[in-house]
Every structure is written in C-alpha cells, then in structure tokens.
Amino acid sequence: MTNSTFTFDKMIKTWRRLKPAVLVAGLSVAALAHSQTASKADEMPGYDRIDIQAKHRSVLVPGSVWYPAGSQTYRSLVGDNIVFKGASVMLGATVKEGKYPLLVLSHGSGGNMDGLAWLSSALAKSGIMVLGMNHPGSTSRDSSPRRSAQFWDRAQDTGAALDAILADPAYAPHIDQSRIYLLGFSLGGVNTLQNIGLRTDISLFDEFCEKEPKSPGCVFFAKGGVDWKTVDAAKIDASYEEPRLAGAIAVDPGLHFAMTPDSIAAQKKPVLFINLGSDDTLWNEINVGPAGSNLVGRMANTQYVQISPADHFTFLAECKPEGAALLKEEKDDPVCDDPKGANRAKIHEQVIEAVKRFILTGNAS
C-alpha cells in the first residue's frame with residue numbers, strides 16, 4: 001500500500017538534459033500518426049478511453065478499456081514514459097466479435113491505470129477484456145495521503161466503472177456478465193477486498209501503525225498527517241460489496257489484517273491472492289499467507305500464489321535501462337531495483353499465467 005507516485009514533474013529537469021524526445025506519461029500517439037502500421041489487428045489489443053461518471057466524485061473518473069481488436073486503426077503506445085516500458089495497442093479499434101470475461105483493474109497508491117499496461121495487454125490478447133480506472137486523489141501526480149485514506153471513494157469507483165461500461169453500446173454486447181472480476185494491487189487490493197464483501201475495522205489499522213510505524217503504508221499516511229482516530233470510520237467500515245463480481249484477485253493487498261472476522265466468514269466467492277516475495281522478505285503489511293495474516297486460510301474459497309525472488313515493486317512495468325538512474329538522481333522510490341535473482345519480465349509472465357488461469361479455468365495453478 002505504498003505511495004508509488006513517480007515524480008515526473010521533478011524528472012523534467014533531468015529529462016531536459018537528455019536527448020530531446022517526447023515525454024509520454026500515458027497514451028502516446030505523436031510520431032505514429034503519420035505512419036501506417038504493418039501489424040495485423042490480432043497481434044495487439046484494442047484500446048480506448050472512457051469517461052466514468054460517479055455520483056460520489058466531483059470529477060469524472062478516467063477509464064480505459066483493453067480488448068481483443070476486431071479491426072485495424074493505427075498503432076499507439078500506452079504506459080510508455082522515461083522510466084517504464086509501455087505496450088502497443090490498436091487505438092479505437094472495434095471489438096472482435098464474441099463475448100469475453102471482464103477484469104476491472106484497480107491500481108496502487110500513486111499508480112495509474114496505464115502503468116499496468118503489461119498486464120492489461122497480455123490479458124486482452126488472451127481473450128479477457130480489461131477495464132482500468134484512475135482513482136482521483138491517489139493516482140499519478142495526484143496522490144494525497146489524506147484523500148487516499150478515504151477508502152470509500154476507491155471502493156465506489158468500481159461500481160461506477162461497471163455502470164459505465166455495461167451501458168456503453170461499443171463494449172456491453174461483448175461482456176460475459178457472469179464472469180466479471182476485479183484485480184487490485186496494493187492500495188487497490190483494499191477496495192478489492194471491500195468489493196468482494198469484506199468489511200474493515202479501521203481501528204485495527206491504527207493499532208498496526210502504532211506497532212509498526214515504519215511500515216511503508218503507515219509512513220505514507222503519516223506524512224499527510226492522517227489520524228485514523230479522526231477519519232470517518234463509519235464510511236471506511238461500511239459494506240462496499242459489488243454483487244456483479246464473480247470473484248476477485250488481490251495482489252499484495254494492504255489492510256488485509258483489518259478485515260472483520262464475520263465478513264471473512266461470510267464471503268464465499270473465489271479469490272486469488274498473489275504475494276510478490278517470500279515469507280522472509282514480505283512486509284507484514286501485505287503478507288496474506290500463513291506467515292502473515294493468513295487471510296488465505298481464513299476464507300472459504302481462496303487460492304494463493306507466492307512468487308519469489310521478487311518484491312512489491314516488481315509488479316510495476318519493466319523499467320527502461322536509464323530508469324533506475326533517473327529515479328536515484330531524483331531521490332524517488334527505487335521501484336526499478338528488483339531483488340537479486342529476480343527477472344521482472346519472467347515474474348510478469350507468471351502473474352499473467354496465474355490470472356489467466358484463474359479467470360478462464362477457475363484454477364490459478
């Protein structure tokens with residue numbers, strides 16, 4: 001549940017000293033508009049943006065849709081910037097004929113929907129539609145500890161996103177509404193657990209941070225002066241179950257130890273938990289396995305995948321060769337530095353395979 005906001009604004013000074021190029025933080029079409037692609041539509045996924053109207057938000061929630069492409073438009077890059085590698089897409093292509101499972105994607109603190117392009121692209125090419133969303137207040141260049149602590153806003157974004165895509169004539173006919181899933185990473189894992197039916201007792205998180213104040217999530221919220229004793233507990237601890245979900249996937253979820261026993265016992269839908277790291281390297285804040293909160297053993301219908309060597313940030317996109325140096329120069333989080341022996345690309349392949357199997361067959365192994 002760490003703050004993975006990458007300070008692109010700070011990096012601009014560094015970038016200006018590098019070879020001039022176009023800074024692409026999300027969707028990049030410049031330099032591609034004048035060339036025709038030689039690729040076939042089925043070699044890359046379709047991609048487009050949608051606006052999500054949410055009653056609980058004062059602004060539109062940005063959304064993105066990834067899907068099997070049914071036509072050729074032109075190639076674009078999504079999620080590509082000076083630190084991270086992006087993924088190629090057919091921008092605005094039609095959806096290939098058929099019905100597909102839908103995965104809603106919730107990014108981590110300070111992340112964004114296009115930052116996980118590696119995952120969305122692979123799933124779309126394998127026949128799974130992906131609906132991404134940016135969470136205002138806890139997304140890239142808009143990551144406030146105080147607003148991020150309003151977990152109820154994130155939890156309600158999921159329903160608003162589903163309302164939007166299921167009402168969209170371009171996408172709705174292609175969605176198998178019996179197979180709608182939610183995947184959340186880090187802070188996104190909190191609303192994933194809430195949306196699948198678990199309820200929090202925020203006082204337990206307050207107790208955790210008193211015992212482990214140096215835990216990354218606790219440090220992040222403390223920097224914003226968040227006092228869990230004064231945060232609206234009634235809103236945080238309310239039920240945010242999304243009945244349209246067939247199941248969920250939680251990757252290194254935060255706040256798992258603050259879920260109430262009765263809601264854990266009542267939840268019966270399938271949930272895949274993924275931890276990046278081993279028991280001796282995982283932060284307590286994200287360890288849902290037997291050596292941690294054992295949430296996987298306390299719920300009725302769970303699967304558990306632990307991948308190592310890896311760490312929390314290994315879930316982010318592959319870094320460009322100069323990415324680590326740029327982050328170090330700007331004194332930003334070392335999100336490009338994986339543990340010794342870790343291969344981020346191969347770990348991503350393992351994650352993709354587990355997610356695909358869980359959604360398409362019901363068995364992640």
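**Figure 1. Ser148 is in contact with Gly137, Ser138, Ser143, Leu187, Phe220 and Phe221, leaving aside its neighbours within four places in sequence.** Contact here means heavy atoms within 4.5 Å. This is a predicted model, where local features need pLDDT of at least 70, side-chain atom pairs count only at pLDDT 80 or more, and totals for chains, interfaces and linings use all residues. Residues are numbered from 1 along each chain as its sequence is written, and side-chain values use heavy atoms, with hydrogens and water left out. Ser148 belongs to helix α3, residues 145–148. Helices (H or I, at least four residues) and strands (E, at least two) are DSSP runs, numbered from the N terminus. Is Ser148 buried or exposed? Its relative accessible area is 1%, so Ser148 is buried. The cut-offs are under 20% for buried and over 50% for exposed, with partly exposed in between (1.4 Å probe, protein chains only).

Figure 2. The chain holds 365 residues, and 57% of them count as buried. Take the contacts in the chain with a separation of 6 or more: 78% of them join residues 24 or more positions apart.

**Figure 3. Ser64 sits in strand β3, residues 61–67.** Its relative accessibility is 0%, so Ser64 counts as buried.

**Figure 4. Helix α2 is largely enclosed by the rest of the structure, because eight of its nine residues are buried.** The buried residues of α2 are Ala117, Trp118, Leu119, Ser120, Ser121, Ala122, Leu123 and Ala124. After α2 comes Gly127, with a positive phi near 100°.

**Figure 5. Helix α2 (residues 117–125) packs with helix α12 (residues 344–361) at an angle of about 45°.** Their axes are 10 Å apart. That makes α2 oblique to α12. Axes are lines fitted to C-alpha atoms, for helices over the stretch in contact; angles run from 0 to 180 degrees between N-to-C directions. Under 35 degrees is roughly parallel, over 145 roughly antiparallel, 65 to 115 roughly perpendicular, and the rest oblique. The α2–α12 crossing is right-handed (near helix turned clockwise from the far one by less than a right angle). On the α2 side are Trp118, Leu119, Ala122 and Leu123. They meet His348, Val351, Ile352, Val355 and Lys356 of α12. By class, this contact has seven nonpolar, one polar and one charged residues. Ala, Val, Leu, Ile, Met, Phe, Trp, Tyr, Cys and Pro count as nonpolar, Asp, Glu, Lys and Arg as charged, and the others, Gly among them, as polar.

**Figure 6. Helices α4 and α5 pack at an angle of about 65°.** Helix α5 covers residues 187–195, and the two axes are 9 Å apart. The two helices are therefore roughly perpendicular to each other. Their crossing is right-handed. Helix α4 brings Phe151, Arg154, Ala155 and Thr158 to the contact. Helix α5 brings Leu187, Gly188, Val190, Asn191, Gln194 and Asn195. By class, the contact has four nonpolar, five polar and one charged residues.

**Figure 7. The largest nonpolar core has 61 residues.** A core is a set of buried Ala, Val, Leu, Ile, Met, Phe, Trp, Tyr and Cys residues joined through side-chain atoms within 4.5 Å. Phe151, Phe205, Trp228 and Phe273 touch the most other members. Which helix gives the most to this core? Helix α4 (residues 151–166) does, with eight residues. Trp228 touches Ala149, Phe151, Ile202, Phe205, Asp206, Phe221 and Ile236, not counting residues up to four places away in sequence. Apart from this core lies another, of 48 residues, including Leu119, Ile274, Ala310 and Ile359.

**Figure 8. Ser186 and Asp252 have a positive phi.** Most residues other than glycine have a negative phi, and most peptide bonds are trans. Ser186 has a phi of about 60° and lies in the loop between β10 (175–185) and α5. At 1% relative accessibility, Ser186 is counted as buried. Asp252 has a phi near 45° and lies in the loop between β11 (247–251) and α9. Its relative accessibility is 0%, so Asp252 is also buried.

**Figure 9. The peptide bond from Ser308 to Pro309 is cis.** Its omega is near 0°. Pro309 is in the loop between β13 (302–307) and α11 (323–329).

**Figure 10. Asp262 lies in helix α9, residues 261–266.** With a relative accessible area of 57%, Asp262 is exposed. How many residues separate Asp262 and Arg199 in sequence? They are 63 residues apart, and 8.7 Å apart in space, C-alpha to C-alpha.
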